[in-house]
4 protein chains.
Amino acid sequence: MPHWSPEGRIRVSLLGATGLVGQEIARRLLDHPWFELGAIAASAGSTGLRYGEAARGGADGLPSALADRRLVRCDPDEAWAPIVLSALDTAAAREIEPQFAEAGALVISNASAFRMEPDVPLIVPEVNPEDLSLLATQRATHGWSGGIVCNPNCVAAIVGLALAPLHQRWGLRALSVTTLQSASGAGYPGVSALDLLGNVVPHIEGEEEKITAELEKLLRLPDQTRIGAQVHRVPVPSGHMASVILECAEKIRLEEAEECLRNWTGAPEARGLPALPQHPIFVSCASDRPQPRLDLWAGDGMTVTVGRLRRDPVLGLRFVVLGHNLVRGAAGAAVANAELVVRGQGPGVRERLSLTPAH
Amino acid sequence: MPHWSPEGRIRVSLLGATGLVGQEIARRLLDHPWFELGAIAASAGSTGLRYGEAARGGADGLPSALADRRLVRCDPDEAWAPIVLSALDTAAAREIEPQFAEAGALVISNASAFRMEPDVPLIVPEVNPEDLSLLATQRATHGWSGGIVCNPNCVAAIVGLALAPLHQRWGLRALSVTTLQSASGAGYPGVSALDLLGNVVPHIEGEEEKITAELEKLLRLPDQTRIGAQVHRVPVPSGHMASVILECAEKIRLEEAEECLRNWTGAPEARGLPALPQHPIFVSCASDRPQPRLDLWAGDGMTVTVGRLRRDPVLGLRFVVLGHNLVRGAAGAAVANAELVVRGQGPGVRERLSLTPAH
Amino acid sequence: MPHWSPEGRIRVSLLGATGLVGQEIARRLLDHPWFELGAIAASAGSTGLRYGEAARGGADGLPSALADRRLVRCDPDEAWAPIVLSALDTAAAREIEPQFAEAGALVISNASAFRMEPDVPLIVPEVNPEDLSLLATQRATHGWSGGIVCNPNCVAAIVGLALAPLHQRWGLRALSVTTLQSASGAGYPGVSALDLLGNVVPHIEGEEEKITAELEKLLRLPDQTRIGAQVHRVPVPSGHMASVILECAEKIRLEEAEECLRNWTGAPEARGLPALPQHPIFVSCASDRPQPRLDLWAGDGMTVTVGRLRRDPVLGLRFVVLGHNLVRGAAGAAVANAELVVRGQGPGVRERLSLTPAH
Amino acid sequence: MPHWSPEGRIRVSLLGATGLVGQEIARRLLDHPWFELGAIAASAGSTGLRYGEAARGGADGLPSALADRRLVRCDPDEAWAPIVLSALDTAAAREIEPQFAEAGALVISNASAFRMEPDVPLIVPEVNPEDLSLLATQRATHGWSGGIVCNPNCVAAIVGLALAPLHQRWGLRALSVTTLQSASGAGYPGVSALDLLGNVVPHIEGEEEKITAELEKLLRLPDQTRIGAQVHRVPVPSGHMASVILECAEKIRLEEAEECLRNWTGAPEARGLPALPQHPIFVSCASDRPQPRLDLWAGDGMTVTVGRLRRDPVLGLRFVVLGHNLVRGAAGAAVANAELVVRGQGPGVRERLSLTPAH
């Protein structure tokens, strides 16, 4: 299989295609200007099935160009491509992603398996594209010609994006995050209807630890930064909301904070990537926004909406942020990272990628 | 109309009977050991109707002993009693409650109209029964023989109860409250279904100001205490949840905090009141509690459930608390205050009440 | 104001713009190939406001090209155009729509006010476009140069569409409709959240009568046809579902029914209208479809989805149908009727419309 | 273990205790006047655990008198009692229930495994207690000293109860049932939250077949009776609603139907059983009832509520009925059947049961 589509697009593979995140990645790769979706891979139980048949929780939502494709194994022999997007679950990711990295593929992973490894870039393109440089260490350590690049946990991605401009300018010192997270964050079938019909659950296993640790890594917070988190699962299909209070090294004027968020366009490396909106943060002045129903699909799901921005008597500043957990928090984040990686290879990337398959 | 029922119970009136809180007060007065429900009063539009016909949002849920009663006007001429429970809305309360106070009735009000008046007791019986002494000032100022006693906003009542033992022992210095509030908090019809089906709204008009101001008054917090609040309306029928982080003057050990909450029985004046559970705070050790579905009716709706109690890197301590907004946060709170007031009158209260009607 | 936009599109007005249906009509007129949205009119309370400010229940969802427009009065002096789309409520429609008809406008009405008048066409373009001929009678009777054309109640529109091909071929004799209707059918604020969080209400005022009467008129059912309906409001934001059993004059083979529905393209007059999909009915073979979550937006909200099609021991045939109540059942239906009316004017319509304003 | 509790109550065992139905049976056996809960048995994975630890979906809701009990195996060696209540799932019931029947226990089963066996009584006490006589055949056929008695599927139980008085008096000829069923009918975790948040699913595997077949058996409908059913899962935690249209051999006057339902007290054998209300059917005259939120717990969950009773142009009569699926449709039904069986044994039942254990 050539690594270029006839139209000159880079062929990418998808691992873990049947879950909600895998399906959303697949949708975002249809008609992608740079990428062509090659192998669509899933766990052993789904191999050989039609994608539309095996996809979980809304399969028929797949366009027929996807639904009729056959699923292959998550194995470099069947699914290698120079760029591999992975929506595998943690356990599978831990085993399979290194096989692809060793086989020379750049694995863009949504899994939590390797996010906190010191030599694995944990990237939001607008925030810390320079951390891609960790790939060199990673390759040297493991003797890989490929590598693994992760996007953060859905809450860390959304909250991290909203915090980045403030932290870059004023220096975060303390941060408390209280989340209201949607059902789709747990995948499909995920949460029982009985736990969410008219109910709230103040716990998601391992989530608070991921949020705090990944925000520290993503934002390169100093060790002495204090971070706390309390998560809640709420009866919302999609869209994670977080109420955030924060303290910075310098005192922030409210108007400056608002202007800073509103005008932020992120790191130069990220500007103009196909998956990214020009302004990744929308600041709403309405007193009752953001809301999942109204703001979920801002910027095709890649814009986060900040509202209720105001001074806070306890830490200094506060706001509420909403983002699409399956898009900005997962599938769209992975696609954007794939774009960033490709652009980062510099001129001639297509030729080099196509000339040097490790496989 | 005598002020004593044939069984020797004190006759009480109910103002604003048709809303959700009014109905819940009425239910709690059926078979009450000390009180007998006399006049049931409502706004002009409902006067003369059967209670079951005029009650909003679940009228038929009223037991027939209530449903068949006729509604009278909210006027001392029709609805006077030595103790008057008021579930009036703010505007009506502002006008009507003083009329009853002037006519010698003790008005136990759930409305926000007078809560922040310096001479109006804002009472949770277990927390600050001694503030009833403000009644003397109030009577002197207004020349009333009766008076007005308020219970706090639903969130302030629930969070204030959970904070009281900690504050009394270690001294609150800073407090940040993030709420997930149910639909019934807005009454009936209240919130539009379109705003809550699969959605969250990060705003309730005036609520954050009430929470912070009333907690300060209720807990007698020093001026320099920092308090912040962010509210959310969530798709839950009943039950308000709050995620709380707090800093105290002294460092608290987690086990001590847990023990302090678990064993707290509140002020001596409140012990044994019919409306109150022995332990007003239940501390759950389960990792995923409290939940509205499972914990709403603890202690017949008068026990608040604390869970996720743990150290917080930002302020020091954190927990999640859930209480029944219509009961501990409104109707049950008013009934308990009525009991407290009656007990506070000392021996012979029944005789004195019945001998000295101002009316 | 000329009746043609600079691009040669027909100028249309919108009455009752602030409700959910009015907003959806406005959205559908942006970039419409034939129409240009002229006056946007609303009730007296909203006149002069920005549309985005006055729109209810999700105002900020309006694109800025709409949100920044100013609202005018629902009066021919301010809002006349050759074609007027009305999303007025019943009472307002009864008063205002005839004023526009008298002033020479063709009023395309979503209101129920005149639907059952014998000389008012009640139209679904694919089903009974020939009923537009009633306009001649209507004009003669009232001495109007304009006229009123209605689209049916949301359920009648959706169920009527699914029944039309079967009725046209096999002749309906009996019909029983049980609906599961969404919250948005009641507008905004509409239904109380307390009535729909975890609850179902088996009643919508006047709805069952509308469904049966309008289906009879729309499908020209013989008098002896037996029709029954039972409605339920369910906790779904948008999308009306109906379970239908039916008896026909002739026995239907299941495969024939399926093929008949699947291949139906509707009346020739409707084919190719911009608002209409080529196949207005999609037949799903999945055992668990249709579902609001998955099928609501089929054909941009104008395709209804039929599933669970099978033989029924009681009446002979049964199916479940889902359609978008705000689109196929209201806004999209009105826009399609406007298109049908314009096309029905024959060649030269633009010139004639623009040359003969009654106003 | 003796078969009598110290208080002279009959010891019963519970099989399949950890699911929602098992837990509800256990709760209903606490303080039961006739029964004492002996062994509490569950599948191998839960054996030896505390009941409160193993119970699914709301475990902590169990009173501590239950939560602290230890679970034993579903095996006659560990869990025999003269009366055994089974909430096993179908596959387990098929294997395990006959073992207990063979060992001389009367198994009161909520499972569907044996409901349609010709020699297995499928009982609603008020409807067909005489079918208990099938036990004699069953014992003879299998050589059992015990036996198996089933309660129907939740919808069949609720709808069958509402139909019984009408059928007994006027003779059902045709019946069409459209259901709106709650999440708890699928157990815990059961349905995915993503399938029910703002959504409806028009399918439950095998449910329509169970409803029609079991109604035929329960009501002893003549072969030529036509029955159809369409089920929907709706976003309601508990409470199954059904819209029913029916045709009878004789024409029914509406007032007679209403009176017939309202006054019906069921078969004499069932009257006064502790689990049963005096009037199992409540007829509401309100236009918008029944509703799960308001009517779920009528008669402690054992009364079904009928509303919207009216003439139907298609089949003649129609109504909407609501019942508690976990109580009248499952746990309460099983307990009532156990009571019926015990009473059916005649005077001296306690002595005989305790003297003749097969075990």
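View 1. A:Arg220 is partly exposed, because 13 other C-beta atoms lie within 10 Å. (A residue is buried if 20 or more other C-beta atoms lie within 10 Å of its own, exposed if 12 or fewer, and partly exposed in between; the C-beta atoms are placed from the backbone.) You will find A:Arg220 in the loop between helix H9 (207-219) and strand S8 (226-230) of chain A. (Helices, H or I with at least four residues, and strands, E with at least two, are DSSP runs numbered from the N terminus.) Although A:Arg220 is not a glycine, its phi is positive, about 50°. Most residues other than glycine have a negative phi, and most peptide bonds are trans.

A word on the model before the next view. This is a predicted model, in which local features need pLDDT of at least 70 and side-chain atom pairs count only at pLDDT 80 or more, while totals for chains, interfaces and linings use all residues. Residues are numbered from 1 along each chain as its sequence is written, and chains are lettered from A and ligands numbered from 1 in the order in which they are written.

**View 2. D:Asp31, a positive phi in chain D.** The phi of D:Asp31 is near 65°, a positive value in a residue other than glycine. D:Asp31 sits in the loop between helix H1 (20-29) and strand S2 (35-42) of chain D. Is D:Asp31 buried or exposed? It is exposed, with 9 other C-beta atoms within 10 Å.

**View 3. Two cis peptide bonds in chain A.** The bond from A:Tyr188 to A:Pro189 is cis, with omega near 0°. A:Pro189 belongs to the loop between strand S7 (172-180) and helix H8 (193-196) of chain A. The bond from A:Arg289 to A:Pro290 is cis too, with omega near 5°. Look for A:Pro290 in the loop between strand S10 (281-283) and helix H11 (292-295) of chain A.

**View 4. Strand S4 of chain A and its partners.** In a regular strand the side chains alternate between the two faces of the sheet. In strand S4 (residues 83-86) of chain A, A:Ile83 and A:Leu85 point one way, A:Val84 and A:Ser86 point the other way, and all are buried. Strand S1 (residues 10-15) of chain A runs parallel to S4(A), joined to it by four bridges. (Two strands pair if DSSP finds at least two bridges between them.) Opposite A:Ile83 in S4(A) stands A:Val12. S4(A) also pairs in the parallel sense with strand S5 (residues 106-109) of chain A, over four bridges. Which residue of S5(A) is the bridge partner of A:Val84? That partner is A:Val107. Together, S4(A), helix H5 (residues 90-102) of chain A and S5(A) make a right-handed β-α-β unit. (Right-handed means that, with the strands pointing away from the viewer, the path from the first strand over the helix to the second runs clockwise.)

**View 5. An open sheet in chain B.** Six strands of chain B form an open sheet with mixed pairing, in the order S8-S7-S9-S12-S11-S10. The edge strands, each pairing on one side only, are strand S8 (226-230) and strand S10 (281-283) of chain B. Within this sheet, strand S9 (residues 240-248) and strand S12 (residues 316-323) of chain B run antiparallel, joined by seven bridges. B:Leu246 stands opposite B:Leu317 in S12(B).

**View 6. Where chain C meets chain D.** The contact takes 35 residues from chain C and 35 residues from chain D. (Two residues are in contact if their C-beta atoms, placed from the backbone, lie within 7 Å.) Elements giving two or more residues to the side of chain C include strand S7 (172-180), strand S9 (240-248) and strand S12 (316-323) of chain C. The copies meet through the same surface, because 100% of the interface residues of chain C are also interface residues in chain D.
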